[in-house]
Amino acid sequence: MIDIVHQINAIHRNVARRPTAAGGQGISVLLRRTYDSTPADVWEAITDPERVKRWFAQVSGDLREGGKFQLKGNAGGDILRCDPPRLLRLTWGGETSIVEVRLAAGDNDTTNLEVEHNVPIELAGSGAGSLFVGPGWDAGLLGLDQYLRGHVVEDPAAAANSREVQEFSRQSAHAWAAAAAASGTATADEIAGLLQASLAHFAPDVQGPPAS
């Protein structure tokens with residue numbers, strides 16, 4: 001059983017306008033959470049193909065700086081920077097969609113992990129665009145936490161479609177809607193419209209408002 005409320009609250013979410021690498025304007029989706037494992041272990045869990053496939057998806061390619069990667073059934077891209085066990089920077093599904101993963105040692109052998117996904121405003125539309133990607137990253141951070149705690153599933157893709165994870169994603173979508181609203185980067189109508197699209201994609205089998 002997943003403690004959904006705990007897992008939702010374990011993730012800090014932020015939406016903001018930020019410059020892109022090309023010098024234009026972009027929307028940044030930032031996630032932050034702490035794991036009860038060392039940076040070396042977390043780094044290996046997110047970069048070793050044999051471990052990645054146990055909690056996320058099969059990955060192939062030249063997994064070094066300057067190489068290319070492809071996740072089965074998901075995005076591919078170029079590895080722009082790889083500085084173990086601190087920094088991983090890559091493109092995600094397109095050269096203007098940039099993901100940066102940052103790791104830092106916390107107290108008592110814990111790891112503070114940040115994921116920042118920055119896309120041009122032309123693609124995101126507004127901060128409400130975070131509702132297309134934020135819940136997916138939330139589910140990934142949930143899967144990583146479960147894996148690091150020893151809860152390994154046979155098929156991560158099937159687990160991601162379970163009603164339990166869909167309930168997590170439903171609450172995640174509402175949390176991202178709140179983050180977008182707090183950021184001032186989207187109108188209420190934009191957020192409301194994309195929230196419904198997000199729920200239909202990430203939580204098609206569960207309905208209703210988030211639990212209080």
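By class, the residues lining the largest pocket are 22 nonpolar, 16 polar and 9 charged. Here Ala, Val, Leu, Ile, Met, Phe, Trp, Tyr, Cys and Pro count as nonpolar, Asp, Glu, Lys and Arg as charged, and the others, Gly among them, as polar.

Some ground rules. This is a predicted model, where local features need pLDDT of at least 70 and side-chain atom pairs count only at pLDDT 80 or more, while totals for chains, interfaces and linings use all residues. Residues are numbered from 1 along each chain as its sequence is written, and side-chain values use heavy atoms, with hydrogens and water left out.

Back to the largest pocket. A pocket is an open set of points, on a 1 Å grid over the protein atoms alone, where a 1.4 Å probe fits, with protein on both sides within 12 Å along at least five of seven lines; lining residues have an atom within 4 Å of a point. The largest pocket holds about 1300 Å³ of space, a volume being the space filled by probe spheres set on the points, which are joined across faces, edges and corners. It is lined by 47 residues, and Phe56, Ala139, Pro156, Ala157 and Ala160 are the closest to its centre. Two or more lining residues come from each of α1 (4-9), α3 (49-55), α5 (130-148), α6 (156-160), α7 (163-183) and α8 (188-202). Helices (H or I, at least four residues) and strands (E, at least two) are DSSP runs, numbered from the N terminus. The most comes from α5, with 12 residues.

The second largest pocket has about 480 Å³. Of its 23 lining residues, Ile46, Thr47, Val52, Leu88 and Leu90 are the closest to the centre. Its lining has 20 nonpolar, 2 polar and 1 charged residues. Again α5 gives the most, here with 4 residues.

Now the helices. The axes of α5 and α8 come within 9 Å and cross at roughly 40 degrees; axes are lines fitted to C-alpha atoms, for helices over the stretch in contact, and angles run from 0 to 180 degrees between N-to-C directions. That makes α5 oblique to α8, since angles under 35 degrees count as roughly parallel, over 145 as roughly antiparallel, 65 to 115 as roughly perpendicular and the rest as oblique.

Last, two loops. Between β5 and β6 sits Pro85, and the peptide bond from Pro84 to Pro85 is cis, with omega near -5 degrees. Between β7 and β8 sits Asn108, a residue other than glycine with a positive phi, near 55 degrees.
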